[in-house]
Amino acid sequence: MFEMKQLPFALNALEPYMSQRTLEFHYGKHYKAYLDKLNELISGTPYAQMNLEEIIAASFKHNEDKAIYNNAGQVFNHEFFWRSLSAGGAVMPSKEIMSKIEQDFGSYEAFKQEFKSKALRQFGSGWCWAVEKDGKIDIVATSNADNPISLGLGKPLICVDVWEHAYYLDYQNRRLDFVSAWLDNMVKW
Ligand code: MN
């Protein structure tokens with residue numbers, strides 16, 4: 001049985017960039033629903049003995065376990081997103097990661113531009129990630145419940161949820177404004 005990860009801040013702590021109402025729905029309803037569904041689906045199956053990453057890797061290969069894959073992916077992705085949120089202003093990358101970003105993108109500003117562009121171009125629901133692969137920093141967008149673990153795209157460092165439920169109450173259709181607000185004010189490396 002998986003249990004909801006506690007948020008390390010109050011539901012109103014990200015205001016004005018992310019409202020309490022958004023988090024009440026996003027954390028309390030959407031994330032909880034994925035987690036409850038996952039627990040229900042894996043109950044009494046071999047998946048019940050696995051950790052989240054093992055479930056994602058194992059169910060990815062089996063079309064008949066697509067619902068398990070989707071719900072496990074969404075639990076993993078949301079927990080990664082909660083870890084990528086800071087209530088006290090942006091928490092910048094470590095010295096080591098920052099020097100790789102500057103090497104691979106030219107500057108942190110250029111990295112942010114590229115990140116916003118990829119997050120905006122992701123068609124429909126999904127996620128945008130910074131990953132580390134072969135010692136380099138890359139930016140990848142994934143659809144629906146997919147993530148860099150299942151797709152072999154590298155080790156995730158941070159992610160942002162670009163499903164509409166992540167931002168619609170606060171930003172309506174302005175995904176770019178939400179991603180910008182996250183990168184400038186809420187990101188936690
Ligand atoms: Mn979400």
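In which loop is Asn 144 found? In this predicted model, Asn 144 sits in the loop between strand S2 (136-143) and helix H6 (148-151), and its phi is positive, at about 50°, although the residue is not a glycine. Most residues other than glycine have a negative phi, and most peptide bonds are trans. A further local feature of the backbone concerns the peptide bond from Glu 15 to Pro 16, which is cis, with omega near 10°; Pro 16 itself belongs to the segment before H1.

At the level of the whole protein, the domain assignment gives domain 1, covering residues 20-83, and domain 2, covering residues 95-186. The contact between these domains takes 18 residues from domain 1 and 22 residues from domain 2, while their C-alpha centres lie 21 Å apart. Between them, domain 1 and domain 2 bury about 1,700 Å², and 65% of this area is on carbon and sulfur atoms. On the side of domain 1, the residues that lose the most area to domain 2 are Thr 22, Phe 80 and Phe 81, which together account for 33% of what that side buries.

With regard to specific interactions across this interface, eleven residue pairs are in polar contact between domain 1 and domain 2, with both residues of each pair at pLDDT 80 or more, whereas zero salt bridges are found between the two domains. The side of domain 1 that touches domain 2 draws at least two residues from each of helix H1 (20-42), helix H2 (52-60) and helix H3 (66-83), and among these elements H3 gives the most, with nine residues. Sorted by class, that side of domain 1 comprises eight nonpolar, eight polar and two charged residues.

A pair of aromatic rings is described by the distance of the centres and the angle of the planes. For Tyr 27 and Tyr 31, the ring centres are 5.5 Å apart and the planes stand at 35°; because stacked pairs have planes under 30 degrees apart and edge-to-face pairs over 60, the pair is tilted. Both Tyr 27 and Tyr 31 lie in helix H1, where they are four residues apart, about one turn of the helix.

Note on methods: Residues are numbered from 1 along each chain as its sequence is written. This is a predicted model: local features need pLDDT of at least 70, side-chain atom pairs count only at pLDDT 80 or more; totals for chains, interfaces and linings use all residues. Side-chain values use heavy atoms; hydrogens and water are left out. Domain bounds come from an automatic or database domain assignment. Contact means heavy atoms within 4.5 Å. Buried area is the accessible area (1.4 Å probe) that two parts lose on being put together, summed over both. A salt bridge is a side-chain nitrogen of Lys or Arg within 4 Å of a carboxyl oxygen of Asp or Glu. A polar contact is a pair of N or O atoms within 3.5 Å; within protein, one must be able to donate a hydrogen and the other to accept it, and residues adjacent in sequence count only if both atoms are side-chain atoms. Ala, Val, Leu, Ile, Met, Phe, Trp, Tyr, Cys and Pro count as nonpolar, Asp, Glu, Lys and Arg as charged, and the others, Gly among them, as polar. Rings of Phe, Tyr and Trp (its six-membered ring) pair if their centres lie within 6.5 Å; planes under 30 degrees apart count as stacked, over 60 as edge-to-face and the rest as tilted.
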